[in-house]
Amino acid sequence: MLGYWWVGHGFEGSPGVLIFDEKGHAVQFLTTKDRRKGQSIMRLWVRVDDPVTLRFRLSSKGESWTRTIERTESGFTIFAGDIAFPVWRAERTELPGWLEADYQAAIQKMVEQENDA
């Protein structure tokens, strides 16, 4: 699951991007359509509980919640109750040019939170 993924959720008519790293960070950009509107970013800590369950937290030691996943041919689907979010692999060349700098800034904030905890 490591790497860059598109997330289909219909927010502002464009897919979001979800990035998983090897340190258990997950950063989601809710839309890639128009950065000038104010980018909505979710910084999450994640771990795989079992092959079909992801556990998320808003802080490294905070309360957690789980989401069920189902593998598909092109990636996987995340289920939040009755809502299904298709997730498929994003090639780095497809992503907006601004995304990498914003991703690195989000990771830096997460590392700072971990160091303060």
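1. Aromatic pairs. The count comes to four aromatic pairs, where rings of Phe, Tyr and Trp (its six-membered ring) pair if their centres lie within 6.5 Å, and planes under 30 degrees apart are stacked, over 60 edge-to-face and the rest tilted. One of them, Phe29 with Trp98, is edge-to-face, at 6.0 Å centre to centre and 70° between the planes. Phe29 belongs to strand β3 (residues 25–29) and Trp98 to the loop between β8 (83–89) and α1 (99–116), so this pair ties together parts that are 69 residues apart in sequence. Both Phe29 and Trp98 are buried (under 20% relative accessible area; exposed is over 50%, partly exposed in between, with a 1.4 Å probe and protein chains only).

2. Basis of the values. This is a predicted model, in which local features need pLDDT of at least 70 and side-chain atom pairs count only at pLDDT 80 or more, while totals for chains, interfaces and linings use all residues. Residues are numbered from 1 along each chain as its sequence is written, and side-chain values use heavy atoms, with hydrogens and water left out.

3. Overall make-up. The order from the N terminus is β-β-β-β-β-β-β-β-α. Of the 117 residues, 38% are buried.

4. Strand pairing. Strand β4 (residues 41–50) runs antiparallel to β3, with five bridges between them; strands pair if DSSP finds at least two bridges between them. Ala26 has Leu44 in β4 as its bridge partner. Strands β4 and β5 are also antiparallel and joined by five bridges, and a hairpin of two residues connects β4 to β5. Across that pairing, Trp45 stands opposite Arg57 in β5.

5. Thr53. This residue lies in strand β5 (residues 53–57). Is Thr53 buried or exposed? Thr53 has a relative accessible area of 15%, so it counts as buried. Its side chain makes a polar contact of 3.0 Å with that of Asp50 (a pair of N or O atoms within 3.5 Å; within protein, one must be able to donate a hydrogen and the other to accept it, and residues adjacent in sequence count only if both atoms are side-chain atoms). Leaving aside residues up to four places away in sequence, Thr53 touches Arg47, Val48, Thr66, Arg67 and Ile69, contact being heavy atoms within 4.5 Å.

Definitions and conventions:
Helix = DSSP H or I, 4+ residues; strand = E, 2+ residues; numbered from the N terminus.
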